[in-house]
Amino acid sequence: MSGSRPQGRRGGRWIEHWDPEDETFWRETGERTARRNLLHSVFSEHIGFSIWSLWSVMVLFMGPAYGIDPAGKFFLIATATTVGALVRIPYTFAVARFGGRNWTVVSALLLLAPTLAALAVMEPGTPYAAFVAVAALTGVGGGNFASSMTNINAFFPLRKKGWALGLNAGGGNIGVPVVQLAALLVISTAGAGHPRLLLAAYLPLIVAAAALALVRMDNLAPVRGDAGAVREAVREPHTWIMALLYVGCFGSFIGYGFAFGLVLQTQFGRTPLQAASFTFIGPLVGSLVRPVGGALADRYGGARITLAAFVAMAAATGVVVLASVQESLPVFLTGFTALFALSGLGNGSTYKMIPGIFQAQALARGLGREEAAAQGRRLSGAAMGLIGAVGALGGLGINLAFREAFAASGTGTAAFLSFLGFYAVCCAVTWAVYLRRPATAPAAPATADSGTKAQLTSV
C-alpha cells in the first residue's frame, strides 16, 4: 500500500488501511494524520489526568471543619489512585472494541460524572463515605491514559514511538500540575472555602475535549479486538517485568504527585496556600521531562535511560531521607523535585521499551520487518494496558506507605526508605534482563531465546 492515502468509512471517520512503517505512506499522508490525532489525544488525556488527581488538591480545601485527619485524607487519595489503575485495563481494550476516536469522546464525557459529583459534596458536614465514593469515581480519569497510549501507539512507526508516546503521556501528565496550579489560584484569590470554583472551571474543558475528539480524531480499522493478543501478553514474562519497572517510575510520579501537598502540610506544617504554592512544581517538571526520556530512548536505547533514571532516583531518595530526618524543607523540596524529574525521564524510556521488546522478539523468531512491526504493535498495544494498570497501582502503594509512616511516627522517613529499597530492585532487574551482555547473562525469560536476548540489549 506504499503511498496510499488513509481511506475512511463513509460517515464514520474510520481509516481502513494504516502502515506507518512504510516510509512513503508515512511521508505523504501518515505523519500528518498521526500528528493530528496525537494533538487531540493529548488534550483529552490532559483533562483526564486533572480529574483523576482532583483529590490531591481537594484535600487542601478540607480544613478542620471537615473533621478528616491526615490518614483519612491519604485514604481518599489512595482510593482515587486505585480505581484509576484498575480501569486502565478495560480502557485499553475499549480502543479495539469501539475505535480510538469514538472511545476518546466517550471517555472524555465520562469525566463529567466525578466533576459534578464533587461539586455536590464538597462542603463541611458531608459524610466521609460520600467523599470516598466521589474519590473513587474520579478514577475514570486515570483510565484515559491507557486508552490514549494504546491508540497513539498504533499511529506511529517504531522509530518515532519514544517521542510520540512520551509527548502523549507527558502532555497528559501535565494535567496533574495544572489542576494544582488552578487550585493555588482559587485558594490565593477566593480562599480555601471555595473548591467549587475549581470544579466548575473544568466542566467546559471536558465538553471541549469531547467535541474536538469527535470532529478531529480518527478510528483505525486495523486495530480490532484481538483476544489472542491479550492472552499472549498475559503469558509473556516481559509484560510483568516491564510492569514492575513502570511501578518504579510512573507509580512514583503519580503517587508523589497525589501526596506531595498533603506531605508538606502534615510533616512541615504548611498552610493550604503554602502547600499549593509548591505542590505543582514537581509534577510539572516530571511531565515536561517525559518526552525527553522518550526521545533519549529513541537515540540511546530505552533500557540504558531507564537504568540511569533508577540509579539517580535512588540517589535523590537518599537526599529526601536526609532532609526528612533533619526537617530541612529546602533540601526536601530539592530532592523531591529531582524525584519527579527522574521519574518522568523513566516514564518516557520504559514506554519506548515496550513495543521494542515485542518487535525484537518477533525479529528473533525469523519474521520479516513488516510482520515483526505488526506483531510488535499487536502485542505492545495489549500489554500497555496491563503495564499501565500495574504501574499506577504503585501510586496506591506510595500513598498507603505514607499513611502508615505518618500514623506511626508523624514523618514520611520510613516510607522513603522503603522506596529507596524498591528503586534498588528496579536497577538490578533492568540491568540483568535488558542490559547484561548475552554471553554472560543467565537464561532469558521463557519465551525469549538467545537471539531475542541479544536483540533486547539494544531495546
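Is arginine 196 buried, exposed or partly exposed? At 31% relative accessibility, arginine 196 counts as partly exposed; buried means under 20% relative accessible area, exposed over 50%, and partly exposed lies in between, with a 1.4 Å probe and protein chains only.

A word on the model. It is predicted, so local features need pLDDT of at least 70 and side-chain atom pairs count only at pLDDT 80 or more, while totals for chains, interfaces and linings use all residues. Residues are numbered from 1 along each chain as its sequence is written, and side-chain values use heavy atoms, leaving out hydrogens and water.

Now the overall picture. The chain has 20 helices and 3 strands; these are DSSP runs numbered from the N terminus, helices being H or I with at least four residues and strands E with at least two. Of its 459 residues, 60% count as buried.

Next, salt bridges, where a side-chain nitrogen of Lys or Arg is within 4 Å of a carboxyl oxygen of Asp or Glu. The whole structure holds 6 of them.

Arginine 196 pairs with glutamate 123, with the closest N and O atoms 3.2 Å apart. Arginine 196 lies in helix H11 and glutamate 123 in the loop between helices H6 and H7, so the pair ties together parts 73 residues apart in sequence. Glutamate 123 is partly exposed too, at 37%.

A second bridge joins aspartate 298 and lysine 352, also at 3.2 Å between the closest N and O atoms. Aspartate 298 sits in helix H15 and lysine 352 in helix H17, 54 residues apart. Here lysine 352 is buried, at 11%, whereas aspartate 298 is partly exposed, at 27%.
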